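Subject: Structure for your files, with notes on helix packing

Hello,

Here is the structure I said I would pass on. My notes come after it.

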Amino acid sequence: MALYRKYRPATFAEVVGQEHVTEPLSTALNSGRINHAYLFSGPRGCGKTSSARILARSLNCAQGPTATPCGVCDSCVSLAPNGGGSVDVTELDAASHGGVDDTRELRDRAFYAPAQSRYRIFIVDEAHMVTTAGFNALLKIVEEPPEHLIFVFATTEPEKVLPTIRSRTHHYPFRLLAPKTMRTLIEKIIAAENVDVDDAVFPLVIRAGGGSPRDTLSVLDQLLAGADENHVAYQRALALLGATDLALIDDAIDALAAGDAAALFGAVEGVIDAGHDPRRFATDLLERFRDLIVLQAVPDAVARGVVDGPEDVLERMRDQAAQVGMATLTRYAEVVHAGLGEMRGATAPRLLLEVVCARLLLPSASDTEAALLQRVERIETRLDLSIPADENVPAGVAPPKQYVRKTQAAPEAVAAPEPGPAPQASTPAPPPPAAKPVTPPAAKPVTPPAAKPVEPEPVAPPPTPKAVEPEPVSPPPVRPPAAPAVEAPPTTPAAAVAAGEPNAAAVRSMWTTVREKVRERSRTTEVMLAGAIVRAVDGDTLVLSHESAPLAKRLTEQRNADVIREALKDALGVNWKIRCDAGAAPPAPAEAPPPQADPTPAEAPHDDEVESMLAEASTVDPAAPRRDPEEAALELLQSELGARRIEG
């Protein structure tokens, strides 16, 4: 006998997971408040028909109506789960007997008194399949039934039941079982069957059953039938149920967390080689994303039973949830869900699965809310990495790796204290942040590189506001005290971090993104930014430096400054003013070429060349159509720079 029939409940106390229905019904039976019509609704296989039979058994028990039938009287024996049935209890399948003629026949039989029981009970299964004419034929007798008549309607779609019928019933909604409750039921049945089952099999069975006790017991029955020596192995269950191996799911998640396209597509290849259905793999991957999202949002999800699985799998899932952010997981889930819709009925599901994987690797592939949140999350992560906590150490600390390429003096910044102010630098210890004004001793550990005659001034890792005021490299003696004095103390970076705003070093790390945002708004402004570098952040002002004095002046104009300010607001969430001073970009200490300090596609023209180009752009032929002088300057600049495309 099938397990779902063998373990069918015989009383309301044996019904699992439907206490919100069985307890009120038991109270009504014990108190004698019996209604003439009931409506049991809910998903398939959750106990509606079984509860209707228990209700009939409780109503016609010799000691009833009672919530605990005696089980020995004729009515209880005949209405038991394996009983032969009673002449006074009629079950009608409306899926095949829902026409008007069938309901008229039922109505005519309903007027006869019960043969040997207390009530005559009609159980109408799949009640939503009764036609409108059939319901109309039953309407009168359901409204005013005889004393001995009780109707029980069971349906998966209560909204399709005629409203005039539904309004005259007591409606009890049944629900699917939670995984924790379902596992308790399965373990009880396995113990009764005396079978050994691997712990990893339980989640497979529960997910295959979808919360329906009947479907779950059918899946379990299939596994027990194929058990070898009364043992259900995980690999056997995996092959029978067609689920994806957890190792392939873990490989895919780890590849996504690392951004490893080769590993991700290798996992897809493993799915195909193992003979798994790509649709099933996508479904299992979506379920894993759901589990990771829940684990991040609900720390005690395992204890609550919201997430289920073997302990080793749960441990791996916790590690994966710590590697991938909530916004990223949400976008992954949306992309896979959309891909599942595209796979329905597809002739090449593997191809679509690989397309879905490609979308997962492209964070900016869509403009959905989840994609935008993922971009914000990635920016915040980059800022956290580019503004480390140890940046508030006053001096003597080498900058993070992110700044080595930008500053080009990180290795030598601590190792080259030979210049003129070296004696002073070696003597005093780094003063506290209060020494911000112009005290040379405060910046000594970082000053040496700036003290070099040609290169030092903007070379220090975290440049700051005052360093901008010096002009080109020509007057090095004045620069060292001013630039390092403000740079060395961690006052500005620390305050910026505390206030939640990025410092100059953080702006440099995101400068490529800022340039892209500027290009979207004005290609002319973006071209003029080609030779500009980020010098410092002075309060609410971003200080830039440009090799060309005319272009530095143009960048400070209101129109161009507004474009840069909006780009900064879009990329970093700050609202800063813009100031651009004329000054040469700091060259590398001795080895690296200057372009590494701020990647530029070509060497910027000299000041006199820029002046001539702007003057030429401003003289327009009267007969020619009118053009924006800056657009003309853009063309001249682009041709001068070798017509290369500017890439942040």
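Predicted model: local features only at pLDDT ≥ 70, side-chain atom pairs only at ≥ 80, totals over all residues.

H9 with H10

Helix H9 spans residues 201-209. Its axis and that of H10 come within 7 Å, crossing at roughly 135°. H9 and H10 are therefore oblique to each other, since angles over 145 degrees would be needed for roughly antiparallel. The crossing of this pair is right-handed. On the H9 side the contact involves Val201, Val205, Ala208 and Gly209; on the H10 side it involves Asp215, Thr216, Val219, Leu220 and Leu223. By class, the residues of this contact are 6 nonpolar, 2 polar and 1 charged.

H10 with H11

Helix H10 covers residues 213-225, and helix H11 covers residues 234-241. They pack at an angle of about 125°, and their axes are 11 Å apart. H10 and H11 are therefore also oblique to each other. Their crossing is right-handed. H10 contributes Val219, Gln222 and Leu223 to the contact, while H11 contributes Ala237, Leu240 and Leu241. These residues divide into 5 nonpolar and 1 polar, with no charged residue.

Where the two contacts meet

Which residues of H10 touch both H9 and H11? Val219 and Leu223 of H10 are listed in the contact with H9 and again in the contact with H11.

Regards

Key. Residues numbered from 1 in each chain as written. Heavy atoms only, no water. Axes fitted to C-alpha atoms, helices over the stretch in contact; angles between N-to-C directions. Helix = DSSP H or I, 4+ residues; strand = E, 2+ residues; numbered from the N terminus. Parallel < 35°, antiparallel > 145°, perpendicular 65-115°, else oblique. Left-handed = near helix turned anticlockwise from the far one by under 90°. Contact = heavy atoms within 4.5 Å. Nonpolar A, V, L, I, M, F, W, Y, C, P; charged D, E, K, R; others polar.
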